[in-house]
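Please provide a briefing on this structure for a reader who is new to it.

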Amino acid sequence: MRIRIVDAFTDRPFAGNPAGVLLLDSFPADDWLQNVALEVNHAETAFAHRLPAGGEADWALRWFTPATEVAMCGHATLATAHVLHTTGAHEGPVRFATRSGVLIATPREDGSITLDFPTAPLTPVEVPAGVAGALGAEPRAAFDTGPNIGDLLLELADEKTVHGLAPDHKALAAFSERGIIATARAEDPARGYDFVSRCFFPNVGIDEDPVTGSAHTALAPFWAERLGRPDLTGLQASPRSGRVRTEVRGERTLLSGRAVTVIEGDLLTQP
């Protein structure tokens, strides 16, 4: 079977967030899927297979980190939609059946793809004792992001602080189910983005994720309320970096970006 590595939320190779993508006839045993994800060793590997016509979704989709299966992943969904469209396996909007419900990916005329995801519910919480020491910065505020994401969102003082973070990843694992989203307002919106973020997910085997689509379902409503408009662009300030265009539509959030296939080859081991 063919396996591809796709860089998502970028228009150039070796940037954005890489994901493995495999199109299957059906889902084999979970341990085989997990072993492939571990072998690929990127933040996520996506596995998809076509569903019978006439249902609520066109393809079934699952995502695995090197350590575990996850409930939602934006960049690997974008990567999978990119593979479906560039290989001719699917035309037009594609509906994915996932653990987070039906997620829709729509190709745009400019070459980007827009994902329709559920908006994360944000609940203010007390800043946990010890999180500032683990993160390496004092948060202004903390928010729970709900069950689909399972992160703790922390607002920091400014963009410079976000760029300068050097956290203790092992210590961060104690503060949320998946990890930590650190964010701040952009210093200069004229640079083409409205807010910055970095995402640390030690509990699923990812110390720092390059570009996290699912986190932007929380970042988008958080910053839309503070900046007073629904359409925003986020810069995820990881070493690889990437940008996510967001639009909040009530209970749904649209995430848009591009993707580039960088590796394609044969997976020689079979389920």
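Predicted model: local features only at pLDDT ≥ 70, side-chain atom pairs only at ≥ 80, totals over all residues.

Residues are numbered from 1 along each chain as its sequence is written, and side-chain values use heavy atoms, with hydrogens and water left out.

**Aromatic rings**

- Four aromatic pairs are found in a search of the whole structure; rings of Phe, Tyr and Trp (its six-membered ring) pair if their centres lie within 6.5 Å, and planes under 30 degrees apart count as stacked, over 60 as edge-to-face and the rest as tilted.
- The ring centres of Phe 143 and Phe 222 are 5.2 Å apart with planes at 70°, so this pair is edge-to-face.
- Because Phe 143 belongs to strand β10 (residues 141-144) and Phe 222 to helix α6 (residues 216-227), the pair ties together parts that are 79 residues apart in sequence; helices (H or I, at least four residues) and strands (E, at least two) are DSSP runs, numbered from the N terminus.
- Phe 222 and Trp 223 also form an edge-to-face pair, because their ring centres are 5.0 Å apart and their planes are at 90°.
- Phe 143, Phe 195, Phe 222 and Trp 223 are linked by ring pairs into a cluster.

**Charges over rings**

- The charged end of Arg 62 sits over the ring of Phe 27, 5.3 Å from its centre; this requires NZ of Lys or CZ of Arg within 6 Å of the ring centre and within 35 degrees of the ring normal.
- Arg 178 lies over the face of Phe 201, at 4.1 Å from the ring centre.

**Helices**

- Nine of the twelve residues of α6 are buried, where buried means under 20% relative accessible area, exposed over 50% and partly exposed in between (1.4 Å probe, protein chains only).
- Among the buried residues of α6 are His 216, Leu 219, Phe 222 and Trp 223.
- Gly 228 follows α6 and has a positive phi, near 80°.
- In helix α1 (residues 30-40), the buried residues include Trp 32, Leu 33, Val 36 and Val 40.
- Asn 41 follows α1 and has a positive phi, near 60°.

**Charge classes in the pocket lining**

- The lining of the largest pocket has six nonpolar, three polar and four charged residues; Ala, Val, Leu, Ile, Met, Phe, Trp, Tyr, Cys and Pro count as nonpolar, Asp, Glu, Lys and Arg as charged, and the others, Gly among them, as polar.
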